[in-house]
Every structure is written in C-alpha cells, then in structure tokens.
Amino acid sequence: MSPLLVMAVAPAIALMYFFWLKDKYEPEPRNKIVFVMFLGGLTVIPAIILEVLGEKLVSIPEEGVPPLIALFIHTFVVIAVSEELGKFLVVRLTLYRDPEFDEPMDGIVYCVAASLGFALVENVFYVVTGGAGVAILRALLAVPAHALFGVAMGYFVGQARFANNKSVELQLQFIGFASAVAMHGAYDFVLFSARPLLMLCVFPMVGIFWFIGLRLIKFHVEVSPHRNKSVAPAGFTAPAAPPTSHCPLCHNAMLPGAVFCIHCGPQAAPAGCPNCQAPLHPGALFCGHCGQKVNAS
C-alpha cells in the first residue's frame, strides 16, 4: 500500500475508533460498524450525480470570488444536502430498527460510521491527486468535520429512535438531518468563498464543531441505560458462592458452621453425629445413619 493511500485512509479509521470508544458502556459490534462505513462510502456515487446535476442549476466560477448567493445555494443545497442525505438514509434504512440500536448513543456511532465511510472514499480521491500536503490538511479539517456532522445528526437520530410517538420521531430525524446540513454547508461556504479572512474562519469553526460534538456525546453517554450495569473486567472470574448445608427440620439452606437456622430458630441447630458427621435432629439418642449412640444434651 502506497504511503499516500495510507495517509488517505488512516484518519477515517482512527477517528472511527475514537468515537467507537466513546460508546463505553455497550460498544456496537465491529462488523456492523464496518458495514455502515462501507455503505457510507458507496453514497459518494449518488452524491456526485446529484452535485453534477445541481451545478447545472447554480454555476460557480472556477476562478475569482464567487457571488455569495450562488455560493450559499451551491454549498448548503447542492453539496451539503446531497452528501448528508445519503449518510442519513444509510442509517435510517439499515440499522435504525436493529436490536443492537438499543440506546440513543448508538445513533451517534452509526451516523459517524456512515459519515466517515463517505469521508474515507472522498479523501482517497483528493489525496491521490493532491499529494501529502492535501492529506495532512484534510486529516486535520475535512475528515474530522465529516465525523462531527455525523455526531450532530446522530444525536437527534438516536433520540428519534426512542421517541414516544411518530410525529416526534419524524421531527427529531429532520432536525438531525438539518443540523448536519447546516454544519456541512457552513464549512464548505467558508472554504469555497475565496475570501482569505473568511477562509481562515474554518479553523475556529472546526474547533467549535469539536466542542459541540463532544458535549453531545457526553450527554448521551451519561443517560445511557447501560451505565449502571456492572461489567466484569477481562480475565475476572466471580468468586464461587459459599457451600451450604440444610436445616434438618425445615430443609432451608444454611451456611456451614451456623449456630442456628435463621428460618426455624436455635432449636434447629444442625448437630452432627460424632461418628459420621451426619445431621442429627435435636434430642436424638442415636444417629439415623450409622446407629452411633449420641449425647442427648
């Protein structure tokens, strides 16, 4: 594998692992993460088709400063809607009703997986043609940005999955999709503006996206229904339950050496035969197992 290809693929894989670890109480199966990333990568194809069709309606000059209105339509409607719609549909049409999708945090994980699958494929095209400089810049900005668009979408998709009625569910899904579109459109609008001062805003913008994204993740992790479930660490074996004997009168379990049965009281103390140690009824003169004479006291 060429170094450029490694530089193109590695950021998406590393970020997916980072966000997967955030789902610390019940991480999603890795095979389903890979599946969603694969489908997310395939959405590059319909996104390209939609963007080509959209560019025929809104033309942006290849050189010079583009008009703000045309730039806004191009970035928010043509690009952001085309790309985020594919990511949303991947999650909504595949794992949204899957039994593994059992808490709101899973919405973030799966939407991030779809977004990073898209970013991985897109990154390969840009890096192979642009070189190492493009790889480094996109590893710091574009790939994390796609993941954070997925966090915003997934936060609301995760809530929608467990909404109490259909209307609220649809509203939350739309808010999630619209949030990702708004963030994506703002990011592209700044980068494609060809206005140096505006383009520099992309760095604090990605920083703000990180701040918001980590806060959204923290909220879903804190309300996870799996949070209070005790999970034994790897290699830990729970101690065996202590052995028990049984009361000779009521036959309830007793710990060995107990002075009296907690169910019957002191009169049920499991005295043992001095010869065979079999339990004796209180007051017995002979052992019922071996016939040994015992002290009635």
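A pocket is an open set of grid points with protein on both sides within 12 Å along at least five of seven lines. The views below all come from a predicted model.

**View 1. The largest pocket.** This pocket has a volume of about 700 Å³. Its lining holds 29 residues, and the closest to the centre are Glu122, Tyr126, Arg138, Asp188 and Phe192. Helix α3 gives the most, with six residues. By class, the lining of the largest pocket has 20 nonpolar, three polar and six charged residues.

**View 2. The second largest pocket.** Its volume is about 330 Å³. Of its 13 lining residues, the closest to the centre are Ile60, Pro61, Glu62, His74 and Phe192. Look for Phe192 here: the residue is also among those closest to the centre of the largest pocket. The lining of the second largest pocket divides into seven nonpolar, three polar and three charged residues.

View 3. Helix α5 has 26 residues. At 1.5 Å a residue, α5 should span 38 Å. Its end C-alpha atoms are 36 Å apart, which agrees. Is α5 mostly covered or mostly open? It is mostly covered, with 19 of its 26 residues buried. Gly131 follows α5 and has a positive phi, near 95 degrees.

**View 4. Ala194 in a loop.** Ala194 sits in the loop between α8 and α9. Most residues other than glycine have a negative phi. Ala194 has a relative accessibility of 34%.

View 5. Val151 belongs to helix α7. Is this residue buried or exposed? Val151 has a relative accessible area of 0%, and buried means under 20%, so Val151 is buried. Which residues does Val151 touch, leaving out those up to four places away in sequence? They are Phe19, Ile108, Val112, Gly213, Leu216 and Ile217. Now find Phe209, which is 58 residues from Val151 along the chain. The C-alpha atoms of Val151 and Phe209 are separated by 9.4 Å.

Conventions:
Residues numbered from 1 in each chain as written. Predicted model: local features only at pLDDT ≥ 70, side-chain atom pairs only at ≥ 80, totals over all residues. Heavy atoms only, no water. 1 Å grid on protein atoms, 1.4 Å probe; cavity = no way out; pocket = protein on both sides within 12 Å on 5 of 7 lines; lining within 4 Å. Points joined across faces, edges and corners; volume = space filled by probe spheres on them. Helix = DSSP H or I, 4+ residues; strand = E, 2+ residues; numbered from the N terminus. Nonpolar A, V, L, I, M, F, W, Y, C, P; charged D, E, K, R; others polar. Buried < 20%, exposed > 50% of the residue type's maximum accessible area, 1.4 Å probe, protein only. Expected span 1.5 Å × (residues − 1). Contact = heavy atoms within 4.5 Å.
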